[in-house]
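Open your viewer and get ready to click. This tour tells you what to select next and what is there.

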Amino acid sequence: MATIKVHGSPYSTATMRVTATLYEKQIEFEFFNINMRNGEHKKEPFISLNPFGQVPAFEDGDLKLFESRAITQYINHEYADKGTKLTSSDSKKLAIMGVWSEVESHHFDQVASKLVWELGIKTLFGIPLDPKIVEENEAKLDSILDVYEKRLSESKYFGGDSFTLVDLHHLPSLHYLMKSQSKKLFESRPHVSAWVADITARPAWV
C-alpha cells in the first residue's frame, strides 16, 4: 500500500503539479478526491491538513505538507534516485533554475491562473466568463511570453538542456490554456511553441 497520499481535485492546477511530479518520479500514491463544489476543502478533516483550505494536501508517512511547489521540491529531493531527475547538482544551473522558478510563480502563474479560471474552469462548469479580465490578462501574458521566447531561443528548457521542475510547474496551466483562445499567444512564438509541444508530450504528463 502506498504511503504517499495526495488530497486534491483533478481540476486543480496545484494538484496536477504534485501528481505530475509523482508520475515523473515513478512513485506510487493514493489519491483522495476533495469535492470543492461541496466545500470539502474548507471543512474537517481536510482543513487539518491545510489550514488555508486550499488543495492539495500531501502526506508521506507522518510528514504532512501543503503548498504545491514545496511538495514538488520535497518529492524531488526525497526521491532523487527514482524516475526523472528534475533538478541539477551544479550550483550555477541550480541558480538559473531558481530564477525561472520565481518567474513561473510570481509572473506567469499570477496571470495564467486568472485565465485558467475564466477560460478553463468557468467553461467546465458553465459559468459565464468576464471578457475584461480575459483581455487584461492576455495582454499581460503576451508580454511575459516575449521574455519566454527570448529565454527559450537560448536554452531548450528554462533550467538548461534538461527538463526540470521549472518546466513541469507550467504544465497544469498549459493544460487549460492550450485548449482555449489563449493558445494563439503560445503558438505565435516558435521557441515557446516548440517547448510547449515538447513538455506536454512527456509520457508522465500524458
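Which residues of helix H2 (residues 68-78) are buried? Select the helix and look for Ser68, Ile71, Thr72, Tyr74, Ile75 and Asn76. Buried here means under 20% relative accessible area; exposed means over 50%, and partly exposed is in between (1.4 Å probe, protein chains only).

Two ground rules before you go on. This is a predicted model, in which local features need pLDDT of at least 70 and side-chain atom pairs count only at pLDDT 80 or more, while totals for chains, interfaces and linings use all residues. Residues are numbered from 1 along each chain as its sequence is written, and side-chain values use heavy atoms, with hydrogens and water left out.

**Stop 1**

Contact means heavy atoms within 4.5 Å.

**Stop 2: the whole chain**

Zoom out and colour by secondary structure. How many helices and strands does the chain have? There are eight helices and four strands. Helices (H or I, at least four residues) and strands (E, at least two) are DSSP runs, numbered from the N terminus. Trace the chain from the N terminus and you pass β-α-β-β-β-α-α-α-α-α-α-α. The radius of gyration is 17 Å, close to the 17 Å that the globule rule gives for 206 residues, so the chain is as compact as a globular protein of that length. That radius is taken over C-alpha atoms, and the globule rule is 2.2 Å times the number of residues to the power 0.38.

Along the principal axes, the C-alpha atoms fill a box of roughly 45 × 45 × 25 Å. Of the 206 residues, 48% count as buried. Take the contacts between residues at least 6 apart in sequence: 65% of them join residues at least 24 apart.

**Stop 3: the annotated span**

Select residues 90-206. An unreviewed UniProt entry annotates this span as "domain: GST C-terminal". Such annotations may be inferred rather than shown by experiment. The span is 73% helix and 0% strand. Its end C-alpha atoms lie 29 Å apart.

**Stop 4**

Click Val116, in helix H3 (residues 91-124). Is Val116 buried or exposed? Val116 has a relative accessible area of 5%, so it is buried. Leave out residues up to four places away in sequence, and Val116 touches Thr13, Ile121, Ser173, Tyr176 and Leu177.

Jump to Thr13, which is found in helix H1. Thr13 is at 18% relative accessibility, so it also counts as buried. Leaving aside neighbours within four places in sequence, Thr13 is in contact with Val116, Pro172, Ser173 and Tyr176.

Now draw a line from Val116 to Pro203. They are 87 residues apart in sequence and 23 Å apart in space, C-alpha to C-alpha.

**Stop 4: Ile96**

Stay in helix H3 and select Ile96. Its relative accessibility is 35%, so Ile96 counts as partly exposed. Ile96 touches Arg151 and Phe158, not counting residues up to four places away in sequence.

**Stop 5: backbone details**

Go to the loop between strand E2 (30-33) and E3, where Pro45 sits. A cis peptide bond joins Glu44 and Pro45, with omega about 5°. Pro56 is also in the loop between E2 and E3. A cis peptide bond joins Val55 and Pro56, again with omega about 5°.

Next, find Gln26 in the loop between H1 and E2. Gln26 is not a glycine, and its phi is positive, near 55°. Its relative accessible area is 65%, so Gln26 is exposed.

Finish at Glu67, in the loop between E4 and H2. Glu67 has a positive phi of about 75° although it is not a glycine. With a relative accessible area of 43%, Glu67 is partly exposed.
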